[in-house]
Amino acid sequence: MFIDRAKIYIKAGDGGDGCTSFYTEKYVPNGGPDGGDGGDGGSVVIKVNENATSLSEFRFGKHYRAENGGNGAGKNRHGKDGQDLVLSVPRGTVVRDAESGGIIADMYYPDDVVTVLRGGIGGKGNARFKSSRRQAPGFSQKGEPTKERAIVLELKTIADVGLVGLPNAGKSTLLSVLTRANPKIASYPFTTLSPNLGVCYTDDDSFTIADIPGLIEGAADGAGLGHKFLRHIDRTRLIVHVVDISTYDDAVKDYMTVNSELFKYNEELKSVPQIIALNKIDSAESDKIEAFKKSVSGDIYEISGITHSGLDKLIRAISIKLKTLPPPTPIEFEPFKYEEVDPESYAITRADDGAFVLSGALIEKLARTVVLEDRDSFMYFQRRLDVGGVTKSLKKAGIKSGDTVRILDTEFTYED
């Protein structure tokens, strides 16, 4: 099943916890701290898979998580780093933050790889906290936790040429004879339910063609297949507008209807060159062809997808036109990045009961380290508050001896 849009939830791995351990061996008293560090969590990486043409693998899976880092152990054994989660997407996939709509990446080139979420940093073992004053630290650091994020994957097919036209105009037949593609072909509306790609080879060149389905009056507003597939026209450098000249009473109206929907969807498509292919001339009346040419200006070619009449001229015209157009490029955008919090940031607020509440990245990092029941740990905590400027800020906020300080779920009494 063709899927070109998917909302998924991703989470990088949490960092592993550091270990609190002391070396023990017979006849070796006071062996000292030997707790190892926790491993870093795995990151979430998105890369291009050139063999993929749909986001169907994300149809049922909604939550994707990288591996957590391993915990540290005694004898200075560090936890292993978590394995990265690598998500493969088709070329042309735009990755957006679901909440803001900001573009994280445009997976345009075949070798594109982007790290969307970084894994959490592993916590330090107690061996890291040993110093000349603190010979036997009885505490270690917990790993850095990570947040789950929602992203949207949106596939925009990359092709040199986009075939547009009303249902049954003959786009799929034309694609099949110009390329080696094998789209489903039948004589009823909406035979084509997903964009089809093919490569047209000439004597000295080749170019890709995409059949864009679902264009009827009101498509840009959701009628029929709606604008579900209109996004796939965004990437094309040249539009081949296929018009059925054989049976419709007013081919000019049909032509105007399709253009109206294209430009309503994206006004910038007015700047994309068009070639008009009058299809099914083998069963068309000559006066209809002439009437169309008098009413519509532009490069018009008479063809038949069934008899192959006029296809050589059309292919040559497409090839020549493409050589005059600038090469395709990715979307221009200001990359969206998830906020990297300053690890030394903190905030002081007052609770309703008068307690001083400490929060922020620095406080959370210390909370992962501190064991308030451990004297060495608590002293380390106090020194870090002094060095980080938190104690000074508390005094500016009016704290006095005997006041309550609250950190997450822990409270203690401030003493000056």
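Modeller: The discussion below takes up sheets, a hairpin and salt bridges in turn. Please keep in mind that this is a predicted model.

Biologist: How do strands of a sheet pair?

Modeller: Strands of a sheet pair through backbone hydrogen bonds, and the pairing is either parallel or antiparallel.

Biologist: In which sense do strand S2 and S4 pair, and over how many bridges?

Modeller: Strand S2, residues 44–48, pairs with S4 in the parallel sense, over five bridges. To locate this pairing in the structure, look for Val44, whose bridge partner in S4 is Leu85.

Biologist: In what order do the strands S15, S16, S17 and S18 stand in their sheet?

Modeller: These four strands form an open sheet in the order S15-S16-S17-S18, again with mixed pairing. Strand S15 (347–350) and strand S18 (410–413) each have a single partner strand, so one side of each lacks a neighbour in the sheet. On average, neighbouring strands here are turned by 25 degrees against each other, direction ignored. Within this sheet, strand S16 (residues 356–359) and strand S17 (residues 404–407) pair in the parallel sense over three bridges. Leu358 stands opposite Ile407 in S17.

Biologist: Is the pairing of strand S10 with strand S11 parallel or antiparallel?

Modeller: Strand S10 (residues 196–201) and strand S11 (residues 206–211) pair in the antiparallel sense, over six bridges. A hairpin of four residues joins S10 to S11.

Biologist: Let us turn to the side chains. How many salt bridges are there?

Modeller: A salt bridge is counted when a side-chain nitrogen of Lys or Arg lies within 4 Å of a carboxyl oxygen of Asp or Glu. By this rule the count comes to 16 salt bridges. One of them joins Asp37 and Arg128, whose closest N and O atoms are 2.6 Å apart. This pair links distant parts of the chain, 91 residues apart: Asp37 is in the loop between strand S1 (5–11) and S2, and Arg128 is in the loop between S7 and strand S8 (148–155).

Biologist: Are Asp37 and Arg128 buried or exposed?

Modeller: Asp37 is buried because its relative accessible area is 9%, under the 20% limit. Arg128 has a relative accessible area of 55% and is therefore exposed.

Biologist: Where do Lys323 and Asp204 lie?

Modeller: Their side chains meet in a salt bridge, at 3.6 Å from N to O. Lys323 lies in helix H4 (residues 311–324) and Asp204 in the loop between S10 and S11, 119 residues apart. Lys323 counts as exposed at 52% relative accessibility, and Asp204 is exposed with a relative accessible area of 61%.

Biologist: Which residues do salt bridges that share partners join into one network?

Modeller: Begin with the side chains of Arg384 and Glu344, which meet in a salt bridge of 3.7 Å, N to O. Arg384 lies in helix H6 (residues 375–387) and Glu344 in the loop between H4 and S15, so the pair ties together parts that are 40 residues apart in sequence. Arg384 counts as buried at 18% relative accessibility, whereas Glu344 is partly exposed, with a relative accessible area of 36%. Salt bridges that share partners join Glu344, Lys365 and Arg384 into one network.

Notes: Residues are numbered from 1 along each chain as its sequence is written. This is a predicted model: local features need pLDDT of at least 70, side-chain atom pairs count only at pLDDT 80 or more; totals for chains, interfaces and linings use all residues. Side-chain values use heavy atoms; hydrogens and water are left out. Two strands pair if DSSP finds at least two bridges between them. Helices (H or I, at least four residues) and strands (E, at least two) are DSSP runs, numbered from the N terminus. Axes are lines fitted to C-alpha atoms, for helices over the stretch in contact, and angles run from 0 to 180 degrees between N-to-C directions. Buried means under 20% relative accessible area, exposed over 50%, partly exposed in between (1.4 Å probe, protein chains only).
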